[in-house]
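Here is a short briefing for a first look. Start with the sequence and the model, then read the points below.

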Amino acid sequence: MSSQTTSATSGTGSSEVKQYGITSPISLAGPKPIDEELTQGLESTLRNYGVFETQEEIQHRMVVLGKLNKLALEWIYATSIKKNMPESIAKTVGGKIFTFGSFRLGVHTKGADIDTLLVAPRHVERTDFFSTFYEFLKEREETSDVRAVEESFVPVIKMEFDGIEIDLLFARLALTVIPENLDLLDENLLKNLDPRCVRSLNGCRVTDEILRLVPDINNFRLTLRAIKVWAKNHMIYSNVLGFLGGVSWAMLVARICQLYPKAVAATLVQKFFLIYSKWAWPQPVLLKQMPTENKLNFQVWDPRTNPADRYHLMPIITPAYPNQNSTFNVSMSTRTVMEEEFKLGFQTMDEIYCSKSTWESIFTTANFFQKYKHYIVLSAYSSNQEHHLEWEGLVESKIRILIVNLERNQFVKLAHVNPKKFDALKKTDEKSVSRWFIGLIFQKPEGTENVNIDITAEIQYFTNTVHKQALQIAMFKEGMETEVKHVRKKQLIDYLPANLIRTKKKSSIGQPDRRRSMSETKIEKEKDEPSSGDQPNSVEDEKKEIPVSTIGSKRKSIDTPLAPIDVKKNSDVIKTQSSVTEVVGVEPVSKRERTSEFENEDTCAKKSRDDKSEEKSTIANVDENVEKMEVDTNTEKQQVSPPPPQEMKNGFDLEKKLSTIPTDELVDVTNTQNAMQPVAVKKSIKVTLNK
């Protein structure tokens, strides 16, 4: 069961409270006046960011979904007739459009797309969906920019329908008739389905489970809206680039709602940063118990049986069967960046609660282009605008491979990709261009003065991977190419508007932004002390800057090699007959009576005192009835490197393969006659670090 009834004791007595999640809540305290006031301020601030639609806009979306559902039923009827089904039966087989993602969660913003799923009966094939239905949609006057992405991990048709962007998935159920009241959470529907249909259904199933697992949907929605705005403005919102996507942020917020079931949005935002700034990744986030048995034999996230799952750096597990890790793309660099942002967010929330700052300060856009001294500029070119969307999508989907390869370079300490895509500074009619920027922090071996860093092999591998994939899916067209350059901060002006490269970051309330990241502070220090160059801080200094968490298992410093989860021989990683605790597996509230002794204290002082007490509880106390999922980060026991992404297994072996390729065999990507040859990097990419 995902929830149960427990007896909780407060200062006024005891009551039966429904438990959400796998552990007892940290607090059952209701909101104080300051919490209510800050929540009103939060909602008012979010309105300035355009996250709420008007009733007219919401109604327009409902009309669009109604039209799309009607078209789907017409197509299923026509397809049934073509397959010699009697007309009387064809009219009754049914079909239905479901929504999922941000729209289903109720947190979509103005202009956002709608994630949809078409569920069809068993006689309608996926090939029908990507052939006759695709052509049917292209012929409609309401639709534009219709394109099919049939070879993706989750096949999809993308389009614009009456001004609304739609992503449409397809699932064929083993049913002769699709009932109007179909419940997609019924696991029996997954029987005899192919993996692509299961993945398509998973979006709706996960979204519906999240809504079932939160105690107050309205508080959950307002909190999630705030966290999504914060994540986007701090450039850590992108699943494909190794950060977190919408469903992952939703699950993180849902877990906080479970731990503080009676808290309002302002409190939940504050607790969000408190908990996740202390979280001992790779400890997993779970909204409900893992299944005790795998009846349908679909692969689920389980480090006991799946060795690859032990290398996931920031696991957030979906609550619907088959349970999967929604953050398998996260790398060491992206996790480090997000951990830093959680800590800064907690500091800012302290200032907000103490009336030293306002909500605008936490939503202030981070200045990515002042944060680092070195950048990689990745450009995707194509000669045809019609094909450019597909080309830039492919290049973007492979950037995480470049990040992982850069991280493996002994001189690269951090590779931070900006999720935002940029157009060319000066547009021309000759080629379409999309650009991404990757901030780099280099490190030199101790005792060295001058170091020449060559990252050509990493770039070469990335270029070859993109080119090879484009050929395999028959997407490559003449004129498509990628270009990768290393630039210093002062050279960004050649690629970006001047207003994006400001010298001082100001908050939106007109005060200097005090929220300085550790990497920003280090860079500014290097700037003020030229003699230090790019020399990293000593190990002792780094330990002071990034303290090892004392919650659960100890966390490594950012330059410690990754070690897999230690699956102990004599104990299960995931306990099947009892709950799996998370890092915040604290003792039930009934064991921690809360009194009102601080009620007359100053609000800010009281909050600080409560937080310290709560933090000690969070760190020290573990529910006696719950087993922990243990993570061993002792690299002395296990010197195992993380396995490369799937694309790397089938591609070139970086330095070994590249070193054996004669120079005259390296060809340009536009040479389609030698298309299967490796793609030449036009110029070696080297960086010199001086004393």
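Where is Y237 found? Y237 is in the loop between α7 (217–233) and α8 (246–259). Helices are DSSP runs of H or I with at least four residues, strands are runs of E with at least two, and both are numbered from the N terminus.

This is a predicted model: local features need pLDDT of at least 70, side-chain atom pairs count only at pLDDT 80 or more, and totals for chains, interfaces and linings use all residues. Residues are numbered from 1 along each chain as its sequence is written, and side-chain values use heavy atoms, with hydrogens and water left out.

**The chain as a whole**
- The chain has 19 helices and 16 strands.
- Of its 691 residues, 54% are buried. Buried means under 20% relative accessible area, exposed over 50%, and partly exposed in between (1.4 Å probe, protein chains only).
- Among contacts with a separation of 6 or more, 75% join residues 24 or more positions apart. A contact means heavy atoms within 4.5 Å.

**Sites from the record**
- An unreviewed UniProt entry gives the feature "binding site" at positions including G101, D115, K228, Y237 and G246. Such annotations may be inferred rather than shown by experiment.
- G101 is found in helix α4 (residues 101–105). It counts as buried because its relative accessibility is 16%.
- Leaving aside neighbours within four places in sequence, G101 is in contact with D115 and T207.

**Aromatic pairs**
- The structure holds 29 aromatic pairs. Rings of Phe, Tyr and Trp (its six-membered ring) pair if their centres lie within 6.5 Å; planes under 30 degrees apart are stacked, over 60 edge-to-face, and the rest tilted.
- The rings of Y276 and F342 have centres 6.0 Å apart and planes at 40°, so this pair is tilted.
- Y276 lies in helix α9 (residues 265–277) and F342 in helix α10 (residues 332–353), so the pair ties together parts 66 residues apart in sequence.
- Y276 is buried at 1% relative accessible area, and F342 is buried at 0%.
- Y372 and Y375 form an edge-to-face pair, 6.1 Å centre to centre with 80° between the planes.
- Ring pairs link W230, W249, F272, F273, Y276, W279, W281 and F342 into a cluster.

**Charges over rings**
- The charged end of R47 sits over the ring of F52, 4.5 Å from its centre. The rule is NZ of Lys or CZ of Arg within 6 Å of the ring centre and within 35 degrees of the ring normal.
- R199 lies over the face of F153, 3.9 Å from the ring centre.
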